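Reader: Before I rely on any label attached to this model, I would like to see the criterion behind it. Could you take the labels in turn and set each value against its cut-off?

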Amino acid sequence: MMLNNILANIGEMFINLWNSLGLNKGDWPNYVMILISFILMYLAIVKKFEPLLLLPIAFGMFIINLPGAHDVVWGIQPEGVVYDDVQNKGLLWYLFYGVDKVIYPPLIFLGIGAMTDFGPLISNPKSMLLGAAAQLGVFLTLIAATCIGFNLAAAASIAIIGGADGPTAIYVTQKMSQWAQFNGSNTDLLSAIAVAAYSYMALIPIIQKPLMKLIVPKKERMIKMKPLRTVSKVEKIIFPIVVTLVVGILLPDAVPLLGMLMLGNLLKESGVCDRLSSQAQNGLMNTVTIFLGISVGCKAYGATFLQWQTLGIIGLGLVAFSCGTIGGLLMGRLMCKLSGGKINPLIGSAGVSAVPMAARISEDVGRESDPSNHLLMHAMGPNVAGVIGSAIAAGFLIAIV
């Protein structure tokens, strides 16, 4: 009798162990997503494409698709089990709270502001036109996504990919998701939009260079621009205050992002908050980046991510990003003509918000045409204007929805 009980207990132990193994819980979408996560890790580690966010996103995608891991990391209750503590959730449930309540994106903007020098933009205010023109992709894609069947909230979320700013894309998507849920529809597009936004940011050299060489003739690519004037400390202190005041009055929905961006910059430029500026640039920025990346990656679960809708989002995201680049280049060419050949149109491609990679691409393409040509500082003007422009575009999209 005792032997039978012992054997029964051992048998039950092995059954429980087998049931807990992931080997009998996986499905083909999970393994496809694991393969995709490996590709993204390769791009981040080997190719160094936006590694600070692409690597956490890829690893989050990897662990959430390990067979059987989904319910564990999210803290989903097993069928028939009721926790005494209703707050007994998994790690990802707590980390994702900052995404769900759109806390992380403004904090990322705080860090970006603390690391950004608005001097090139203040020195050449016309750069703002290039940053505005680069938002063309956002509004063209908004129309296109609406025309092919996405509701307005989903279309706005997809369109913001054209701003080439991952935190902004996440911010708008979550805001639109809250609106859509309130209206009884389903627009849980966060993982697809975030992956598309950061992937295209990582692929800027591959996407932008052919467009730049196609649209801007070599003669104009060789134009050398005059050095920028030196911007005073007073101007740098006044700038974030004035921008926040003007945009806040006209478009309050842009304040959470733009306000944090300008606060970070004011901490840096004031010269009296070095400790706060340093924390925003380093400790806070790095922590939030890790939490944001892994939280977004863990939403890319195979069963919900691998859908035709996802492919449509990724395709529209490419259109949005490409049209944004084209808009900046066309405005650059127009400004070149109006200035009598004093502005190199290549800096227009930096009007997208990917700081500072887009500006570096302007520099690279310019030096390919003339090794003695240096456009980096000139391109930083429209580049930081693109950051401001994407935040304003986000506020506008939220306002119209």
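Author: What follows is a set of questions on labels and the answers to them. This is a predicted model, in which local features need a pLDDT of at least 70 and side-chain atom pairs count only at pLDDT 80 or more, while totals for chains, interfaces and linings use all residues. Residues are numbered from 1 along each chain as its sequence is written, and side-chain values use heavy atoms, with hydrogens and water left out.

Reader: What is the mean pLDDT of the protein, and over which residues is the pLDDT below 50?

Author: The mean pLDDT (the predictor's confidence in each residue, from 0 to 100) is 87, and 88% of the residues reach 70 or more. Over residues 79–84 the pLDDT is below 50, and this stretch has six contacts in the model beyond near neighbours in sequence, where contact means heavy atoms within 4.5 Å. Where pLDDT is low, the predicted coordinates should not be read in detail.

Reader: How many helices and strands does the secondary structure come to?

Author: The protein has 21 helices and zero strands; helices (H or I, at least four residues) and strands (E, at least two) are DSSP runs, numbered from the N terminus. Among contacts between residues at least 6 apart in sequence, 78% join residues at least 24 apart.

Reader: How do you know that the length of helix α3 agrees with its number of residues?

Author: The expected span of a helix is 1.5 Å times one less than its number of residues. For the 14 residues of helix α3 (residues 51–64) this should give 20 Å, and because the end C-alpha atoms are 19 Å apart, the two values agree.

Reader: What makes α3 mostly covered?

Author: Of its 14 residues, 10 are buried, a label that means under 20% relative accessible area, with exposed over 50% and partly exposed in between (1.4 Å probe, protein chains only). Among the buried residues of α3 are Leu53, Pro56, Phe62 and Ile64, and what covers the buried residues includes α2 (28–45), α4 (69–74), α12 (190–202) and α17 (274–297). Over the 401 residues of the protein, 51% count as buried.

Reader: Why is glutamine 135 called buried?

Author: Its relative accessibility is 5%, so glutamine 135 counts as buried. Glutamine 135 is placed in the loop between α8 (127–133) and α9 (136–147), and, leaving aside neighbours within four places in sequence, is in contact with Gly163, Gly351, Gly386, Gly389, Ser390 and Ala393.

Reader: What makes glutamate 368 and lysine 209 a salt bridge?

Author: A salt bridge is a side-chain nitrogen of Lys or Arg within 4 Å of a carboxyl oxygen of Asp or Glu, and the side chains of glutamate 368 and lysine 209 meet at 3.6 Å, N to O. The pair links distant parts of the chain, since glutamate 368 is in helix α20 (residues 357–369) and lysine 209 in helix α13 (residues 204–215), 159 residues apart. Glutamate 368, at 45% relative accessible area, is partly exposed, and lysine 209, at 22%, is partly exposed. By this rule the count comes to nine salt bridges; one of them joins glutamate 269 and lysine 268 at 2.8 Å. With a relative accessible area of 10%, glutamate 269 is buried, whereas lysine 268, at 28%, counts as partly exposed.

Reader: Which residues form the nonpolar patch on the surface?

Author: Val234, Ile238, Val242, Leu245, Val246, Ile249 and Leu250 form the patch, with about 690 Å² of accessible area together. Patches are made of residues with over 30% relative accessible area and no salt bridge, like charges being joined within 9 Å and nonpolar side chains (Val, Leu, Ile, Met, Phe, Trp, Tyr) within 5 Å; accessible areas come from the Shrake-Rupley method with a 1.4 Å probe, and for residues only the protein chains shown count as cover. Valine 246 lies in helix α15 (residues 233–250) and, at 43% relative accessibility, counts as partly exposed.
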